[in-house]
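Reader: Hello! Could you walk me through this model, one question at a time?
Author: Gladly; here it is.

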Amino acid sequence: MADDKNGDAAAFAAAQIANVRDDPAGRLALASSIYDDPTGRRSQRPRFRRAALAFTRWMADRGVLNALDGARPGSSWWRAMNERLLRDSCEAFGRASGRPGSPSSDTVDHWTAFIAQPTARTWYRAHNASIVAAYLDHRDLAAGENRIERFFLNVVLARVLYAHALVAAPRLALGRIALGGPTLGDPRRGTVDFFLAMGRVLPDDYPADGELEDYLQLEHRLGRALDYAVIVPRLRPLYDWSARELDRPELSGLLVGDAPAYAWPPDDRQGWEPPRLAMVAKALRTLTAPR
C-alpha cells in the first residue's frame, strides 16, 4: 500500500481501489495490507488477516473479481461488494495512518473501531457492516445475476451473519452448546475458513449454469448439515439480531417470514426446504436448537 499521505483518507482509499479495480491479485494484496500496523508497532491486527483473505481469495479464484471486459468476465455484483469492503477498511487504515477527513460512511467507523481495538467482535462488526451495506446498495446488480447465483447470494449472507453470531451472540447461534461459539467463530482460527471460504457452498466457476438442484446435491455434507440443521431454523432471529448489531434495520427486510428474499422471490422455496437429514444432522439440530 502506498504511503503518500497527501489528501484525505477517503481520497486515499479511492486511489487505492482505482489502482486494483481490474486486478484480482492486486485486490488480494490490498486486502492483506490493511492488516499491517501503520505505526510499525506489534499488533493483534495481522492475526485477523487469514479470515479476510480466505473470503477474498475465494472470490479471486472463482473469477468474480475479473475485469468485466476480459476473456473471463467477472461479476458486477461481486466486484461492487468487494470494493465496498476494501474501500471502507482502506479508508479507516488511512485515518489510522494520520490522513485527515471525516469518515465517508458509518461503516468506516466500524473499521476504525476494529483498528483501535482488534477483537473478534469488532472485526465481525466491521467486516459484516461493509458486506451488508453492499448487499443493500447493490440490489440492482444482484438482480442481473442468474437464478443459481442469486440463490447463493442469500446463502453467503446467512453464513457470514451466522459466523458473527457465533462470537457475539453464541446462545442465538448454538443454543445449549453456546460456550463453543466464540472459539468456533474466532476469525483468528482456521475454523472460520469453513464459513468465509465459500468453496464448499458455491460452484468453482462463474457464472454457475445448469439447475439449482444439481448444486444443492453437491454441497459438502458438513456444510449441508450446518445450513439446514443449524442456520435455517434460526434465520429470523439471526437476521433481526444482525440488523440491530450492525444498525441496519433494512437487513431484516431481506427475509420475508422465514424465507431469504435478497433478489429472490420469497415464495420460491426450492433450496430452502430442509431435505431428509442424516442422523448426525438431526442430532446437531437438536443439540443446537434455539432456546
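**Helix packing and salt bridges**

Author: This is a predicted model. Let us begin with a pair of helices: helix α2 (residues 24-33) and helix α3 (residues 49-62) pack with their axes 9 Å apart, at an angle of about 170°.

Reader: Thanks! Are α2 and α3 roughly parallel or antiparallel to each other?
Author: The angle between the two helices is about 170°. Angles over 145 degrees count as roughly antiparallel. The relation of α2 and α3 is therefore roughly antiparallel.

Reader: Which residues of α3 does α2 meet, and how does the contact divide into nonpolar, polar and charged?
Author: From α2, the residues taking part are Pro24, Leu28, Ala31, Ser32 and Ser33. Their partners in α3 are Arg49, Leu53, Thr56, Arg57 and Ala60. By class, the residues of this contact are five nonpolar, three polar and two charged.

Reader: What span should α3 have, and how far apart are its end C-alpha atoms?
Author: α3 has 14 residues, and at 1.5 Å a residue they should span 20 Å. The model agrees with this, as the end C-alpha atoms of α3 are apart by 20 Å.

Reader: Why is α3 described as largely enclosed by the rest of the structure?
Author: Buried means under 20% relative accessible area. Among the residues of α3 that are buried are Leu53, Phe55, Trp58 and Met59. α3 is largely enclosed because its buried residues number eleven of the 14.

Reader: Which residue follows α3, and what is its phi?
Author: Glycine 63 follows α3. The phi of glycine 63 is positive, near 95°.

Reader: Let me turn to charges. How many salt bridges are there?
Author: Side chains of opposite charge can pair when their charged atoms come close. Here the cut-off is a side-chain nitrogen of Lys or Arg within 4 Å of a carboxyl oxygen of Asp or Glu. With that rule, the count of salt bridges is 15.

Reader: Which side chain meets arginine 49 in a salt bridge, and where does the partner lie?
Author: Arginine 49 is in helix α3, and its partner is in the loop between α2 and α3, 13 residues apart. The N to O distance of the salt bridge is 3.3 Å, and the partner is aspartate 36.

Reader: How many residues apart in sequence are the parts that aspartate 268 and arginine 147 tie together?
Author: These two residues form a salt bridge in which the closest N and O atoms are 2.8 Å apart. Aspartate 268 is buried, with a relative accessible area of 19%, while arginine 147 counts as partly exposed at 31%. Aspartate 268 lies in the loop between β2 (259-260) and α15 (279-287) and arginine 147 in helix α8 (residues 147-168), so the separation of the parts in sequence is 121 residues.

Reader: Which residue forms a salt bridge with arginine 269?
Author: Arginine 269 lies in the loop between β2 and α15, and the partner in the loop between β1 (255-256) and β2. The closest N and O atoms are 3.4 Å apart, and the partner is aspartate 258.

Reader: Finally, how many helices and strands does the chain have, and what share of its residues is buried?
Author: The chain holds 15 helices and two strands. Of its 291 residues, the buried share is 55%.

Definitions and conventions. Residues are numbered from 1 along each chain as its sequence is written. This is a predicted model: local features need pLDDT of at least 70, side-chain atom pairs count only at pLDDT 80 or more; totals for chains, interfaces and linings use all residues. Side-chain values use heavy atoms; hydrogens and water are left out. Axes are lines fitted to C-alpha atoms, for helices over the stretch in contact, and angles run from 0 to 180 degrees between N-to-C directions. Helices (H or I, at least four residues) and strands (E, at least two) are DSSP runs, numbered from the N terminus. Angles under 35 degrees count as roughly parallel, over 145 as roughly antiparallel, 65 to 115 as roughly perpendicular and the rest as oblique. Contact means heavy atoms within 4.5 Å. Ala, Val, Leu, Ile, Met, Phe, Trp, Tyr, Cys and Pro count as nonpolar, Asp, Glu, Lys and Arg as charged, and the others, Gly among them, as polar. The expected span of a helix is 1.5 Å times one less than its number of residues. Buried means under 20% relative accessible area, exposed over 50%, partly exposed in between (1.4 Å probe, protein chains only).
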